[in-house]
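Visitor: Could you show me how to read a protein model, one feature at a time?
Guide: Gladly; let us look at it together.

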Amino acid sequence: MATSYAPSMQFTVVEHPLARHYLSILRDERTEPEAFRAAARRLTYHLVETATEDAKLAEYPLRTPLEATSGYRFPQMVAVAVLRAGLGMLDAVVDLLPGVKVGYAGVQRNEETAQPEEYYVKFPVIGDARVLILEPMLATGGSLSWAIDRVKEAGGTDITALCCVVAPEGVKRLEADHPDVRLVAASLDDGLTDTYYIRPGLGDMGDRLFDTP
Ligand code: URA
């Protein structure tokens with residue numbers, strides 16, 4: 001994208017050619033919901049791999065059919081899907097992360113105050129697990145900042161947000177509200193429209209995932 005904004009927080013754009021391929025399928029207005037869901041799932045695998053590449057493995061002894069060697073166990077993590085579009089990333093997370101615990105955070109915009117308004121929150125016990133927050137479209141950052149507040153209230157300290165597309169406005173909001181949180185995305189886009197859609201973006205993620213008008 002053409003943006004010249006350079007975030008100061010821990011921010012990684014996943015540049016793997018497959019990630020760029022699947023993001024292009026998401027962006028394309030011709031992509032039908034079924035292909036859109038598959039591309040969201042496949043893109044999320046790359047985001048998860050990047051968000052967990054520093055995970056601390058526990059070594060344990062095992063035997064192959066030939067001899068003794070070491071195995072390595074991946075730590076348990078927690079995923080929190082921000083409703084409803086975050087559900088489009090959940091299948092990949094559950095598929096890839098062993099024993100992942102899953103929480104849900106439901107927030108909607110109050111049309112009068114324009115503030116995020118909670119309608120559903122259900123988290124597992126977080127303990128010292130890494131928390132991956134699934135929020136595919138980081139536009140103004142209001143919903144994600146709210147979800148991070150809830151995760152921190154529930155005890156989360158090691159938090160990474162996974163996004164398909166982010167706008168500079170949303171990243172700046174996170175830098176101000178939660179500079180300790182890491183952000184992994186497939187693209188830093190150009191900005192927002194007057195109605196807070198990301199440009200060039202991919203349209204309304206929830207509507208495109210779930211085929212709603
Ligand atoms: N949410 C979406 O689904 N799309 C955007 O562009 C911004 C927020």
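Predicted model: local features only at pLDDT ≥ 70, side-chain atom pairs only at ≥ 80, totals over all residues.

Guide: Residues are numbered from 1 along each chain as its sequence is written, and side-chain values use heavy atoms, with hydrogens and water left out.

Visitor: Which residues surround the ligand?
Guide: A residue is near a molecule if one of its heavy atoms lies within 4 Å of it. Here the ligand has Met137, Ala139, Tyr196, Tyr197, Ile198, Gly203, Asp204 and Met205 around it.

Visitor: How do the residues of that shell divide into nonpolar, polar and charged?
Guide: Ala, Val, Leu, Ile, Met, Phe, Trp, Tyr, Cys and Pro count as nonpolar, Asp, Glu, Lys and Arg as charged, and the others, Gly among them, as polar. The shell around the ligand holds six nonpolar residues, one polar and one charged.

Visitor: How do I read the backbone?
Guide: Most residues other than glycine have a negative phi, and most peptide bonds are trans. In this model, a cis peptide bond joins Leu83 and Arg84, with omega about -5°. Another cis bond links Arg199 to Pro200, with omega about -10°.

Visitor: Where is Pro200 found?
Guide: Helices (H or I, at least four residues) and strands (E, at least two) are DSSP runs, numbered from the N terminus. Pro200 is in the loop between β12 (198-199) and α6 (205-210). Arg84 is also placed in a loop, the one between β4 (77-83) and α3 (87-96).

Visitor: Which residues other than glycine have a positive phi?
Guide: Tyr196 has a phi near 70°, and Asp211 has one of about 55°. Tyr196 is in the loop between β11 and β12, whereas Asp211 lies in the segment after α6.

Visitor: Are Tyr196 and Asp211 buried, partly exposed or exposed?
Guide: Buried means under 20% relative accessible area, exposed over 50%, and partly exposed in between (1.4 Å probe, protein chains only). Tyr196 counts as partly exposed because its relative accessibility is 45%. Asp211 has a relative accessible area of 57%, so Asp211 is exposed. Arg84, from the cis bond with Leu83, is partly exposed because its relative accessibility is 33%.

Visitor: What does the side chain of Asp189 reach?
Guide: The Asp189 side chain reaches the backbone nitrogen of Gly201 at 2.8 Å. Asp189 sits in the loop between β10 (182-188) and β11 (191-192), and its relative accessible area is 0%, so Asp189 is buried.

Visitor: How far apart in space are residues that are separated in sequence?
Guide: We can compare C-alpha atoms. Glu175, in helix α5 (residues 168-177), is 165 residues from Gln10 in sequence, with 9.1 Å between their C-alpha atoms. Arg84 and Glu135 are 51 residues apart along the chain, and their C-alpha atoms are separated by 9.0 Å. Val78, in strand β4, is 51 residues from Arg27 along the chain, but here the C-alpha separation is 28 Å.

Visitor: Are Glu175 and Val78 buried or exposed?
Guide: Glu175 is buried because its relative accessible area is 18%. Val78 is buried too, with a relative accessible area of 1%.

Technical notes:
Polar contact = N/O pair within 3.5 Å; in protein donor to acceptor, adjacent residues only side chain to side chain.
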